[in-house]
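Please look through the sequence and the three-dimensional structure shown here before reading on.

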Amino acid sequence: MLCLLAVSPILIGYLFNVMLYIPVIGDIWMYAGPFTLLLFWGWVGTVYMTRFRSIWKAVLLGNVIGILCFVVFAAIVGSGVQSEFTYLLTVIAQMYTLPLGFLTMWLAVITEGAYDLAEASISAVMLVQAAGVILMLIAFTIGCITAKKKSISGE
């Protein structure tokens with residue numbers, strides 16, 4: 001179950017992308033999706049914390065997929081290699097933080113004035129991805145700390 005939870009942001013990102021194309025629901029979901037994903041990821045942090053009992057171990061094991069997605073994305077985009085396989089890998093890697101685009105895209109707007117990642121430079125795209133991974137790490141860590149405090153207080 002923990003492996004499925006670790007991969008779930010990629011699946012959620014894919015479903016988020018599909019839902020964006022539904023006329024009215026997509027407009028609402030674009031704004032609700034980031035907060036829903038962060039709340040879910042905080043809950044996953046509580047699940048990992050109850051299993052591993054160590055905050056560092058839970059955070060590392062729970063976010064290893066996200067960190068690997070970012071490393072793969074950075075390696076492929078940074079190398080400039082273009083093929084169908086590398087394109088697929090970058091799309092999968094971006095799905096991990098896709099719902100957070102509403103919260104992280106402002107970094108590309110501030111740094112370059114680009115309102116679309118297709119117009120942004122590689123450095124801006126990397127910055128947006130890194131901000132998404134950091135937000136996921138923060139939400140997960142908050143969930144772990146919350147679970148730790150509840151277990152200490154005996155609730």
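The model is a predicted one, in which local features need pLDDT of at least 70, side-chain atom pairs count only at pLDDT 80 or more, and totals for chains, interfaces and linings use all residues. Residues are numbered from 1 along each chain as its sequence is written, and side-chain values use heavy atoms, with hydrogens and water left out.

The second largest pocket has a volume of about 420 Å³. A pocket is here an open set of points, on a 1 Å grid over the protein atoms alone, where a 1.4 Å probe fits, with protein on both sides within 12 Å along at least five of seven lines; lining residues have an atom within 4 Å of a point. Grid points are joined across faces, edges and corners, and the volume is the space filled by probe spheres set on the points. The lining of the second largest pocket consists of 18 residues, and F73, V77, Y87, T90 and Q94 lie nearest the centre. Two or more lining residues come from each of helix 3 (55-79), helix 4 (84-95) and helix 7 (122-153). Helices are DSSP runs (H or I, at least four residues), numbered from the N terminus. Helix 4 gives the most to this lining, with five residues. By type, the lining residues divide into eleven nonpolar, seven polar and no charged. In this division Ala, Val, Leu, Ile, Met, Phe, Trp, Tyr, Cys and Pro are nonpolar, Asp, Glu, Lys and Arg are charged, and the others, Gly among them, are polar.

How are two packed helices described? The description uses the angle between their axes and the distance between the axes. Helix 3 and helix 7 pack at an angle of about 170°, and their axes are 10 Å apart. Axes are lines fitted to C-alpha atoms, for helices over the stretch in contact, and angles run from 0 to 180 degrees between N-to-C directions. Helix 3 and helix 7 are therefore roughly antiparallel to each other, a label given to angles over 145 degrees. The residues of their contact divide into 17 nonpolar, five polar and one charged.

The cysteines come next. A search of the whole structure for disulfides, meaning pairs of cysteine sulfur atoms within 2.5 Å, finds zero. C69 is in no disulfide, and the nearest cysteine sulfur, that of C3, is 14 Å away. For C144, the closest cysteine sulfur is in C3 at 16 Å, too far for a bond. C69 is buried, with a relative accessible area of 10%, and C144 is buried at 0%. Buried means under 20% relative accessible area, exposed over 50%, and partly exposed in between (1.4 Å probe, protein chains only).

Some single residues complete the picture. Helix 2 (residues 23-52) contains Y31, which is partly exposed at a relative accessible area of 42%. Y31 and L103 are 72 residues apart in sequence, with their C-alpha atoms 8.8 Å apart in space. P34 is also found in helix 2, and at 0% relative accessibility P34 is buried. In the loop between helix 2 and helix 3 lies R53, which has a positive phi of about 65° although it is not a glycine. R53 counts as exposed, at 57% relative accessibility. P99, in the loop between helix 4 and helix 5 (101-104), counts as buried at 1%. P99 and L38 are 61 residues apart in sequence and 9.3 Å apart in space, C-alpha to C-alpha.

Note on methods: Angles under 35 degrees count as roughly parallel, over 145 as roughly antiparallel, 65 to 115 as roughly perpendicular and the rest as oblique.
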